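Please look at the structure below before reading on.

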Amino acid sequence: MPSSDPPPAADPPKSETPTTVEAPKLSGAELKKQKQAEKAARRAQAIQGKQAVPAVATPAQNNEAQKSGKGQQKRRGSTSGPGVPIRSKTPVVAPAPVVPKKEDKTVEFFRHLYKPRMTSIAGASKDVHPAVLALGLQMSNYTICGSCARLVATLHAFKRVIESYTTPPGNSLTRHLTSHVLSPQIEYLASCRPLSISMGNAIRWLKLEISKVDINTPDTTAKADLCDAIDVFIRERVTFADQVIASSAAEKIRDGDVILTYAKSSIVQRALVKAHEEGRQFRVIVVDSRPLHEGRHLAAALADIGIEVKYCLINGLSHNIQDATKVMLGAHAMMSNGRLFSRIGTALVAMEANEADKPVLVLCETIKFTERVALDSIVHNEIAPADELVIPGGALEKWGDMKKLQLCNPMYDVTPADYLNMIITESGNVPPTSVPVLHRLGNESQ
């Protein structure tokens with residue numbers, strides 16, 4: 001039989017409603033990255049506002065900014081009411097005036113040699129003895145100028161330091177005197193002018209003598225022994241040495257000789273005076289140079305005792321060297337490779353003498369010998385203030401204001417051993433190649 005059940009009704013059609021597309025949710029890392037980008041953008045905008053006036057935004061940019069701002073607020077779920085204040089833009093700050101940079105007047109080739117000189121006692125350590133303070137100022141203004149003169153004056157000042165020294169309780173003279181008392185004196189003298197080679201040798205000797213003092217020796221006895229040792233050192237290494245060298249050099253001078261010398265050396269002056277006192281007839285040509293003009297004092301001293309003297313500057317050297325029969329030079333130091341380290345201009349004099357076939361004699365005490373080797377006058381030298389080269393009222397009076405102009409005032413130069421014929425010392429007359437031998441013998445005798 002046919003079924004009497006009615007057929008199933010069809011499902012009513014479903015009405016399709018439009019669905020809204022939700023913005024994708026950002027993860028925590030993405031939100032953090034987005035906040036950092038916003039913060040960096042605000043910081044860049046603030047910096048740009050300081051440097052220049054910010055440009056006016058166009059309407060399209062404003063619309064985009066509003067849309068992006070709404071989207072960001074919706075994503076963060078933050079609500080901003082109308083009463084929230086808006087950060088004002090940074091006001092424009094006028095740029096600071098540019099101060100012109102002062103030109104560097106240091107000669108690059110000698111930059112490592114430039115050291116400021118102390119020309120007053122202001123800023124000196126309280127540990128510096130008054131005698132050393134006075135000595136430093138005298139060396140700085142060239143009142144005491146020669147190598148041996150500075151050596152003797154330094155040792156005499158150290159004598160006064162030792163005499164006024166008292167060992168603190170719980171210390172010994174051997175350990176306390178060198179490090180706590182002598183070191184400030186040496187540092188102050190070096191700040192006034194670089195120490196000479198002879199001063200360095202004497203200071204090393206004095207430190208060695210202090211180290212030899214017995215720890216059980218009373219202070220009074222130890223100080224008296226050190227002062228006596230300083231007197232003996234000056235007498236043997238300087239005073240007697242100068243007498244021997246002057247006598248030996250005077251024997252080299254013959255009647256009718258014309259002795260040419262450069263600048264002023266105390267030992268050369270003593271040799272010339274010694275030869276004059278022995279009755280020899282000779283003439284002297286003194287060659288000099290700026291800025292110290294040391295030769296003026298030598299020429300005046302020789303003329304006062306009756307020696308015929310001719311004075312000229314170094315620009316007249318090539319003419320006057322033809323009249324000379326011997327050249328006598330002083331020394332600041334003798335290097336271990338036989339080269340002469342002396343007042344600048346000495347190398348030029350020795351070279352001219354060598355070209356003219358004139359013998360060059362160097363008068364030098366062994367206290368000025370050193371184990372150092374010098375190939376040029378650049379690595380080791382002393383640079384004096386450039387203002388010493390300026391003549392009042394001259395063309396260089398305002399050289400500091402002239403652009404691209406630099407002045408260099410080195411104190412010493414190096415003379416090759418090939419230009420030197422003989423080194424006259426208290427130990428004998430030797431060639432330049434024997435300098436290291438005499439230096440080693442002198443150190444062994446100590």
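Contact here means heavy atoms within 4.5 Å. The model is predicted: local features need pLDDT of at least 70 and side-chain atom pairs count only at pLDDT 80 or more, while totals for chains, interfaces and linings use all residues. Residues are numbered from 1 along each chain as its sequence is written, and side-chain values use heavy atoms, with hydrogens and water left out.

**K159**
- K159 lies in helix α4, residues 147-163 (helices are DSSP runs of H or I, at least four residues, numbered from the N terminus).
- With a relative accessible area of 15%, K159 is buried (buried means under 20% relative accessible area, exposed over 50%, partly exposed in between, for a 1.4 Å probe and protein chains only).
- Residues up to four places away in sequence aside, K159 touches C227, I230 and D231.
- The side chains of K159 and D231 make a polar contact of 3.0 Å (a pair of N or O atoms within 3.5 Å; within protein, one must be able to donate a hydrogen and the other to accept it, and residues adjacent in sequence count only if both atoms are side-chain atoms).

**S147**
- S147 is also in helix α4, and is buried at 10% relative accessibility.
- Apart from neighbours within four places in sequence, S147 is in contact with S196, S198, H332 and K368.
- The side chains of S147 and S198 are joined by a polar contact of 2.9 Å.

**Cysteines**
- Zero disulfides are found in the whole structure (a disulfide is a pair of cysteine sulfur atoms within 2.5 Å).
- For C148, the nearest cysteine sulfur is that of C364, 7.9 Å away.
- C148 is buried, at 8% relative accessible area, whereas C408 is partly exposed, at 25%.

Definitions and conventions
Helix = DSSP H or I, 4+ residues; strand = E, 2+ residues; numbered from the N terminus.
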